[in-house]
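Please look over the structure below. A short report on its parts and how they meet follows.

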Amino acid sequence: MKYLYYPGCSLEGTASEYDFSTRAFMSAVGAELVEVTDWTCCGASAAPAINFLLSLVLPARNLALAEKMNQDCDMLVPCSACYLNLKNAEEHAGKNAALLHKINTVLEEDHLVFGNKIRVKHLLEVLSKDIGAEKIRSLVKKTFEGMVIAPYYGCQALRPYIVFDDPEYPQSMEPLIEAIGAKVHRWDMGGKCCGASHTTTKPEVGIELVSAILKKAKGADAIVSVCPMCQMNLEAFQDRVSEYQHEDLHIPVLYLPQLLGLAIGLTDKELRLDSNLSDLNGFLRKSEAAHHGSIHS
Amino acid sequence: MKTEHSEASDILAPVRKMVQACIQCGTCTGSCPNAFAMDYTPRHLWRMVMMGLTDEIFNSLTFYLCSACYSCTLRCPRGLPLTEAMETLKQIAVKENRLVNKPSQLFYRNFMESVRRHGRVRETEFMTLYFMDMKHPFLPFRYMPLGLKLLRKGKLSFQLPSGGNTLDALFRKAVEAEEANP
Ligand code: SF4
Ligand code: SF4
């Protein structure tokens, strides 16, 4: 298994633990990641709010760079916002030859050609479909028996492009959580919006959306996420949300490859667990106990 | 239904094309996680687009409150590209200089400025640009707890992004191409 890897800006900055844990996990399951050379920003949610063509040119630039490297691999993308933009370029170019031509006219500026030859895959698709629960189960060294995990999918890995999961009732993480011996927290917030950049530009609105999610996560030992924006929203504002709701809504939040990585025996350090903003200590203690309990029982 | 639109309302033409098959069922509003904070609900906004109420639309906050969750797009019984319609309104607001929601617009603009300069976004630089542009001396304090948390975790980098690839030419060309032939 080999993938072209597009980390994106967040994974280079505030979400570096997502980058480290993705690379560590993929290498542990025997998949090779080749980072796209000289990749640039995909435009995030900002380019589509400013200029339509630019919002396609920015991801297309990276796809063109990837095509130059290897056309036989899929592109692996851990960030849902990057995934959506790259997928947008793929889909628009596939449907509209005139638009593809226009994109290429702009890319000429950088001596690049976008041929729409590479398939873009979200990390969750790769984990749940290409690698799969069975393979992960066979590698488990540490079970999470008795622990309850709330799968949080967010929006843009599921919608608008329906590729690997049900966009209304997402389930792709459930077999993975069960593969490591944990239970799935039953809730209906897995595919609900975290508010994206509202927490910065419209905090009073963003806080409401985050509150709704954290409230329904009660009863779970942790939330797992697959997007740096979701992760930031769910873990960085827990103090404020708890104060605002007069209720303790603190909960550990991990990236999916961090959780799965722990189960297959990767170390805290390899998974950069000390970089998470939410407090993971209680969770890690409980998981140690769960693991030892399951060995002795 | 009026089919002719005055010149001023013509800037809505691309959005009107996207939503003209709307049957006003309200599914989009019912699906929208941000509807509670909007001054007009999504369903109402599409009606206003059809009626050509340009000023009311661009003075409202509705489309800035869209967080692109795609729930409405997924569920609209007419299959209309509603998230794209919200984005198109944001794009028109920039093009026509109808800047009502300062925070969102400055957020997007400063983000893109960081990308244009370096090819990649360094969150620290972009947030600094954003705070400077907001010209709100106490605003950064609202983010102090978060800033300190990030700093403690070594997540605030004061270095420029590693790529160092300016996208200036690409940006210029894209804007030119879009204007020449939208
Ligand atoms: S869901 Fe579609 S048809 Fe129904 S009101 Fe919204 S835009 Fe119109
Ligand atoms: S895509 Fe935007 S308008 Fe549609 S439901 Fe989500 S937030 Fe609301």
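Which elements do the buried residues of α5(A) pack against? They pack against α3 (52–69) and α4 of chain A, together with α11 (168–180) of chain B.

## Basis of the report

This is a predicted model, in which local features need pLDDT of at least 70, side-chain atom pairs count only at pLDDT 80 or more, and totals for chains, interfaces and linings use all residues. Residues are numbered from 1 along each chain as its sequence is written, chains are lettered from A and ligands numbered from 1 in the order in which they are written, and side-chain values use heavy atoms, with hydrogens and water left out.

## Helix α5 of chain A

Helix α5 of chain A covers residues 97–107. Helices here are DSSP runs (H or I, at least four residues), numbered from the N terminus. Its buried residues are Leu99(A), Leu100(A), Lys102(A), Ile103(A), Asn104(A), Val106(A) and Leu107(A). Buried means under 20% relative accessible area (1.4 Å probe, protein chains only).

At the start of α5(A), Asn96(A) brings a side-chain oxygen to within 3.2 Å of the backbone nitrogen of Ala98(A).

## Two domains in chain A

Chain A has domain 1 (2–123) and domain 2 (138–296). The bounds come from an automatic or database domain assignment. Their C-alpha centres lie 25 Å apart. In contact (heavy atoms within 4.5 Å) are 25 residues of domain 1 and 25 residues of domain 2.

The two domains bury about 2100 Å² between them, 72% of it on carbon and sulfur atoms. Buried area is the accessible area (1.4 Å probe) that two parts lose on being put together, summed over both. Glu17(A), Tyr18(A) and Phe25(A) supply 28% of the area that domain 1 buries against domain 2, more than any other three residues. A salt bridge needs a side-chain nitrogen of Lys or Arg within 4 Å of a carboxyl oxygen of Asp or Glu.

## Chain A against chain B

Chain A gives 62 residues to the contact and chain B gives 55 residues. The area buried between the chains is about 5200 Å², with 62% from carbon and sulfur atoms.

Three salt bridges cross the interface of chain A and chain B. In one, Lys173(B) pairs with Glu109(A), and the closest N and O atoms are 3.6 Å apart. Helix α3(A) supplies the largest share of the side of chain A that touches chain B, six residues.

Notes:
Buried means under 20% relative accessible area, exposed over 50%, partly exposed in between (1.4 Å probe, protein chains only). Helices (H or I, at least four residues) and strands (E, at least two) are DSSP runs, numbered from the N terminus. A polar contact is a pair of N or O atoms within 3.5 Å; within protein, one must be able to donate a hydrogen and the other to accept it, and residues adjacent in sequence count only if both atoms are side-chain atoms.
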